[in-house]
Amino acid sequence: MDTKGRVSIPASFRRVIEASDPNWKSGESPELVIVYGDQRRNYLECYTMEAIEEVDAKIDALPRGSMQRKMLQRMFHGQSFPTTVDETGRLVLPAKLRNKIDLEKEAFFMAAGDTFQIWKPETYEEEELAQTEKWMDELPEGFDPLEFLDNAGGA
């Protein structure tokens, strides 16, 4: 990350962002939405336009006035930042977002289909890797987590 808060998005992520922005045309900047959430969230989650529209449709399908709808609207509308990828493939993270996750010099990107997360590398290692290790320790000895894919549906 540079001093202006710009981070380079991996090229493969940029292709997904472009393909998932119905308004994007070659030579233009694709749009995305960064959901930063409340104090419990220690990472930024970047949604493609198609992904955020899918979330919005699901929120809109909830009963009007319900607590679930209100809370999800706050999480996804009130705690998010619409932005674009610049012509050099960078994303400008405002100081508010950088400060929220204590991001200083380096960012860790984690792909998750049509979203991706931006973490401070040390936080990712402390929190997410620790959770993964704990989860793995609870599995039977010799169990290969790839076995979960056998029941994932589809082909």
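**Entry 1**

I began with Asp-102, which sits in the loop between helix H4 (95-100) and strand E6. I am using DSSP runs here, with helices (H or I) of at least four residues and strands (E) of at least two, numbered from the N terminus. A note to myself before going further: this is a predicted model, in which local features need pLDDT of at least 70 and side-chain atom pairs count only at pLDDT 80 or more, while totals for chains, interfaces and linings use all residues. Residues are numbered from 1 along each chain as its sequence is written, and side-chain values use heavy atoms, with hydrogens and water left out.

I looked up the backbone of Asp-102 and found a positive phi of about 60°, although the residue is not a glycine. Most residues other than glycine have a negative phi.

**Entry 2: The chain as a whole**

I then stepped back to the overall layout. The chain has 5 helices and 7 strands, and along the sequence they follow the pattern β-α-β-β-α-α-β-β-α-β-β-α. The C-alpha trace spans about 50 × 45 × 35 Å along its principal axes. Of the 155 residues, 35% count as buried. I also checked contacts, meaning heavy atoms within 4.5 Å. Among contacts with a separation of 6 or more, 60% come from residues 24 or more positions apart.

**Entry 3: Aromatic rings**

How many aromatic pairs does the structure hold? I found 9 aromatic pairs. Rings of Phe, Tyr and Trp (its six-membered ring) pair if their centres lie within 6.5 Å; planes under 30 degrees apart count as stacked, over 60 as edge-to-face and the rest as tilted.

The rings of Tyr-43 and Trp-119 have centres 4.7 Å apart and planes at 25°, so I noted this pair as stacked. Tyr-43 lies in the loop between strand E2 (31-35) and strand E3 (44-48), while Trp-119 lies in strand E7 (residues 115-119), so the pair ties together parts that are 76 residues apart in sequence. Tyr-43 counts as buried at 17% relative accessibility, and Trp-119 is buried too, with a relative accessible area of 1%.

Next came Phe-108 and Tyr-124, whose ring centres are 4.4 Å apart with planes at 35°, so this pair is tilted. This pair also links distant parts of the chain, with Phe-108 in strand E6 (residues 108-112) and Tyr-124 in helix H5 (residues 121-138), 16 residues apart. Phe-108 is partly exposed at 30% relative accessibility, whereas Tyr-124 is buried at 12%. Ring pairs link Tyr-43, Phe-108, Trp-119 and Tyr-124 into a cluster.

I listed what Trp-119 touches, leaving aside neighbours within four places in sequence: among them are Asn-42, Ile-101, Leu-103, Glu-106 and Glu-127.

**Entry 4: Two packed helices**

I turned to helix H2 (residues 49-61) and helix H3 (residues 67-78), which pack at an angle of about 160° with their axes 10 Å apart. Axes are lines fitted to C-alpha atoms, for helices over the stretch in contact, and angles run from 0 to 180 degrees between N-to-C directions. That angle makes H2 roughly antiparallel to H3 (the cut-off is over 145 degrees).

Which residues make the contact? From H2 I noted Ile-52, Val-55, Asp-56, Ile-59 and Asp-60, and from H3 Arg-69, Leu-72, Gln-73, Phe-76 and His-77. Asp-60 is partly exposed, with a relative accessible area of 46%. The C-alpha atoms of Asp-60 and Gln-73, 13 residues apart along the chain, are separated by 8.9 Å.

**Entry 5: A phenylalanine in H1**

My last stop was Phe-13, in helix H1 (residues 11-19). Phe-13 counts as buried at 14% relative accessibility. Not counting residues up to four places away in sequence, Phe-13 touches Phe-109, Met-110, Ala-111 and Phe-116. The C-alpha atoms of Phe-13 and Thr-115 are separated by 8.9 Å, although the two are 102 residues apart along the chain.

Terms used
Buried < 20%, exposed > 50% of the residue type's maximum accessible area, 1.4 Å probe, protein only. Parallel < 35°, antiparallel > 145°, perpendicular 65-115°, else oblique.
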